[in-house]
Amino acid sequence: MRLLRLETGCAVLVSMLEEMKGWRGCGRSRVPFRMAEVPVSCDCFVSLPPGSRDDHVIFGKNADRPRDEVQEVAHCPGASHPAGATLECTYIQIPQVERTRAVVLSKPAWMWGAEMGANDQGVCIGNEAIWTREPVCPGDALLGMDLVRLGLERGDSAWSALTVITSLLEQHGQGGQCKEDPVAFSYHNTFLLVDRNEAWVLETAGRLWVAQKVTEGVKNISNQLTIGAEVTAEHPELRRAAQAQGWWDGESEFNFSRVFSPENPPARMELAKQRYKGGTELLKQHDGSVTAAVMMSILRDKPSGICMDSGGFCTTGSMVSVLPRDPSLPCIHFFTATPDPSRSIFKPFIFSDFSTPVLRVVSPQFGPDDPVRKQPRFQSKVDRRHDLYKAHQEAVSTMENNPDEGSSVFGILRELESQCLSEISAMLSGEIPGEELGDLFFDTVDTEIKFYQ
């Protein structure tokens with residue numbers, strides 16, 4: 001480990017593991033726990049001072065996706081691009097910009113875009129599926145996940161990332177198949193964009209959009225429109241379009257959620273209300289004391305449905321970020337890179353010019369033979385599991401077959417996570433000095449895999 005005393009701590013934990021005879025491991029299986037009627041999709045959270053215990057902005061997201069979908073964690077360095085270059089997103093090409101920022105992404109392995117991520121300027125973005133009165137147009141366009149990545153690659157603040165997304169949305173639209181399956185599944189998106197100083201909620205309906213600025217306290221979003229009359233910014237044609245459709249009379253108070261929510265919302269949106277309420281209540285319980293550990297506990301909450309396991313969907317990846325208000329301090333981004341945060345550990349990533357590539361959480365590539373690139377798409381399946389995913393999959397299977405031994409190992413891993421959190425907190429508060437941090441994510445992924453072997 002390259003964070004303070006983590007190397008010593010890991011050595012102790014490895015020794016403890018070696019004493020446990022007969023335990024073997026590797027990744028995720030179908031967890032027996034089931035939530036009744038839990039909605040399909042995601043939850044995003046943010047806490048800004050005074051909601052946070054420290055002078056930090058805390059971001060968190062669970063990505064709820066088809067349960068067999070693999071989520072990888074990819075670090076893409078900043079880059080310069082020649083004039084006139086084009087960029088191939090998941091389904092369409094768009095003009096490339098002159099300079100893109102370094103990003104770290106938690107993303108479904110089959111697509112170009114990301115469920116969530118951060119850039120080297122301390123910007124974090126996550127998205128949610130949403131359905132509105134505006135129809136989801138057929139055909140290829142930018143996925144909401146593409147827009148997440150584009151906002152991170154091109155934005156140096158939450159607001160600038162928002163303007164990137166809304167500009168691209170107006171130019172190229174949003175749509176396209178949202179899961180690795182020939183059965184049609186598409187949606188519009190809401191976004192939570194966060195930096196060291198503020199957060200923005202961005203809600204869309206086709207190419208139209210509305211945004212609300214959040215400067216303090218706690219906020220969550222979850223598969224429904226939440227912006228009412230308190231609008232900070234909006235598409236210039238938003239109200240005219242609503243009036244033309246007969247959704248708004250042009251005289252009464254304009255309430256975006258009321259005007260654009262569908263008359264007959266999909267069942268998943270109705271069910272998401274319970275999860276949204278549960279997330280709001282959990283944030284309120286910790287208002288004034290939110291830390292990275294608290295945010296992780298919220299993402300692990302089963303009773304609320306935030307940690308999802310329902311039918312064909314589950315939480316396939318999770319992220320928590322600590323963004324200190326002090327710009328001299330580094331931002332810390334934690335990723336599971338494995339499904340079900342209640343059975344995974346969060347591993348810290350810090351941007352550095354000298355980071356070792358962490359290939360064991362990156363999925364294999366299939367080039368032109370990838371089913372997403374062939375026409376018609378998604379007619380076959382390929383094995384996209386990365387090394388950590390495979391290891392975790394076997395570990396959870398072992399945990400189910402040998403609960404006592406499996407629980408002990410996950411308990412030890414949780415100790416590793418807790419120790420890492422404590423020492424990062426001490427470093428950010430100036431209690432102890434930091435050392436080399438660039439390979440921290442590499443080291444923790446490597447240690448976790450060794451635990452499973």
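**Sheet, helix and cysteines in a predicted model**

Valine 73 sits opposite serine 106 in E8. Residues are numbered from 1 along each chain as its sequence is written, and side-chain values use heavy atoms, with hydrogens and water left out.

Strand E8 (residues 103–108) runs antiparallel to E3, and six bridges join the two. Both belong to an open sheet of eight strands, in the order E3-E8-E9-E10-E11-E12-E13-E15, with antiparallel pairing. At its edges are strand E3 (71–76) and strand E15 (233–234), each of which pairs on one side only. Here, strands (E, at least two residues) and helices (H or I, at least four) are DSSP runs numbered from the N terminus, and two strands pair if DSSP finds at least two bridges between them.

Helix H3 (residues 158–172) lies across strand E10 (124–130), strand E11 (188–194), strand E12 (199–205), strand E13 (208–214) and E15. The helix runs at about 10° to E12; axes are lines fitted to C-alpha atoms, for helices over the stretch in contact (heavy atoms within 4.5 Å), and angles run from 0 to 180 degrees between N-to-C directions.

Finally, the structure holds zero disulfides, a disulfide being a pair of cysteine sulfur atoms within 2.5 Å. The sulfur of cysteine 307 has its closest cysteine sulfur in cysteine 314, 8.6 Å away, which is too far for a bond. Cysteine 307 is buried (under 20% relative accessible area, with exposed over 50% and partly exposed in between; 1.4 Å probe, protein chains only), at a relative accessible area of 0%. Cysteine 314 is buried too, at 5%.

Technical notes:
This is a predicted model: local features need pLDDT of at least 70, side-chain atom pairs count only at pLDDT 80 or more; totals for chains, interfaces and linings use all residues.
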